[in-house]
Amino acid sequence: MKYFIDTANVEEIRKAAELGIIDGVTTNPSLIAKEGRVFEEVIKEITEIVDGPISAEVVSLDAEGMVKEADELVKIHENIVIKVPMTAEGLKATSMLSSKGIKVNVTLIFSATQALAAAKAGAAFVSPFAGRLDDIGADGMALIEEIMYIFKSYGVRAEVIAASIRNRNHLTQAAMAGADIATIPFKVIMDSLKHPLTDQGIEKFLKDWEGAKK
Ligand code: E4P
């Protein structure tokens, strides 16, 4: 499973990239707004840190507007992937962009039929949001499993990004479901590296080492 980092904070991206486990980056308008910086500048800086797909989201609601924004965004770097919302207009834009060879990540997916439609429209990536489904009492990871089952059954080529990942358990479940990619907040990435027995083990090794013959 590929690891994307889900943030627009370049320091977080830099730190995670240094670990050698980051294959790409996803951003969204909320994450960009949190940084208080110019959108295009942030995206450009990210492309200089990570050599992999970098999702930049459009904010227009009509297909024509989305395509116009996308045409500008892809000028920033060849790794830019255009993120569009899962709407009828978003699908129209996906179809237009993918026929021009521009990669699209269809976001805000909450059902298997949405994922199928996005893939049929030509999306390179589909992003089902697990955490937000859990928030309303539904089973987010069951959706990832459903989509993986359907995509495998029909040989659908779009890659599935398990999104809205809230904890390391989500990460394990996404991997168990066979998700192609998980896009993960920095905090969850760092959390997923830890185990209390690892810390206790280090402590014991160092303590024992003090008594070793030198
Ligand atoms: C995906 O690309 C989104 O940016 C993200 O995973 C949304 O996660 P949230 O539900 O934690 O905001």
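Leaving aside neighbours within four places in sequence, which residues is Leu133 in contact with?

The model is predicted: local features need pLDDT of at least 70, side-chain atom pairs count only at pLDDT 80 or more, and totals for chains, interfaces and linings use all residues. Residues are numbered from 1 along each chain as its sequence is written.

To the question, then. Leu133 is in contact with Phe110, Ala138, Asp139, Gly140 and Leu143, where contact requires C-beta atoms, placed from the backbone, to lie within 7 Å. Leu133 belongs to helix 7, residues 130-135; helices (H or I, at least four residues) and strands (E, at least two) are DSSP runs, numbered from the N terminus. Ser111 is 22 residues from Leu133 in sequence, and their C-alpha atoms are 9.8 Å apart.

I turn to the sheet. Its 8 strands close into a barrel, in the order 1-2-3-4-5-6-7-8, with parallel pairing; two strands pair if DSSP finds at least two bridges between them. From one strand to the next, the twist averages 30°; angles run from 0 to 180 degrees between N-to-C directions, with axes as lines fitted to C-alpha atoms, for helices over the stretch in contact. Strand 1 (residues 2-6) and strand 2 (residues 24-26) run parallel and are joined by 3 bridges. Helix 3 (residues 39-49) packs on the sheet and touches strand 2, strand 3 (54-57) and strand 4 (80-85). The direction of helix 3 makes about 170° with that of strand 3.

Key
Contact = placed C-beta atoms within 7 Å.
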